[in-house]
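Open the model in your viewer and keep the sequence panel beside it. The stops below go from pairing to packing to charged contacts.

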Amino acid sequence: MSKSVEVYRPGTEVVLDGDVNARVMAVTILSEDMVQYKCAWWNSDVRTSEWVRPEEIVSTDTKDKNIKIGFKHE
């Protein structure tokens with residue numbers, strides 16, 4: 001049995017809640033239907049990073065930045 005999850009590719013520019021422009025730095029898959037993204041952004045001279053849920057991402061720079069990650073269960 002195979003299953004795939006579609007995620008934003010690391011490096012994708014996103015807009016988070018509150019109009020924060022950020023970049024996806026890492027993706028964590030906690031279960032087959034639960035994904036989190038580590039996003040980073042600049043706040044004045046301070047670089048901030050935080051794990052966010054997909055519903056906290058308002059928009060992305062392009063729609064072609066998604067990748068599929070597959071799982072194979074035997």
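Two strands count as paired if DSSP finds at least two bridges between them. Strands are DSSP runs of E with at least two residues, numbered from the N terminus. This is a predicted model, in which local features need pLDDT of at least 70 and side-chain atom pairs count only at pLDDT 80 or more, while totals for chains, interfaces and linings use all residues. Residues are numbered from 1 along each chain as its sequence is written, and side-chain values use heavy atoms, with hydrogens and water left out.

Colour by pLDDT, the predictor's confidence in each residue from 0 to 100. The chain average is 83, and 78% of the residues score at least 70. Strand 5 has the highest confidence, at 96, and strand 7 (residues 66–72) the lowest, at a mean of 62.

Select residues 46–52, which are strand 5; seven bridges join this strand to strand 4 in the antiparallel sense. Here Cys39 stands opposite Glu50. Two residues separate strands 4 and 5 in a hairpin, and Ser44 in the turn has a positive phi of about 60 degrees.

Move to residues 20–31 and 34–43: strands 3 and 4 are antiparallel too, over seven bridges. Thr28 has Gln36 of strand 4 as its bridge partner.

Buried means under 20% relative accessible area, exposed over 50%, and partly exposed in between (1.4 Å probe, protein chains only).

Which residue lies in the loop between strand 1 and strand 2? Select Thr12, which is in that loop. Thr12 is buried, with a relative accessible area of 0%, and the side chain of Thr12 reaches the backbone oxygen of Arg9 at 2.6 Å.

Finish with the three salt bridges, each a side-chain nitrogen of Lys or Arg within 4 Å of a carboxyl oxygen of Asp or Glu. Arg23 pairs with Glu13, the closest N and O atoms being 2.8 Å apart. Arg23 is in strand 3 and Glu13 in strand 2, so this pair ties together parts 10 residues apart in sequence. Now select Arg53: the closest N and O atoms are 2.8 Å apart in its salt bridge with Glu55 and 3.9 Å apart in the one with Glu56. Shared partners join Arg53, Glu55 and Glu56 into one network.

Note on methods: Helices (H or I, at least four residues) and strands (E, at least two) are DSSP runs, numbered from the N terminus. A polar contact is a pair of N or O atoms within 3.5 Å; within protein, one must be able to donate a hydrogen and the other to accept it, and residues adjacent in sequence count only if both atoms are side-chain atoms.
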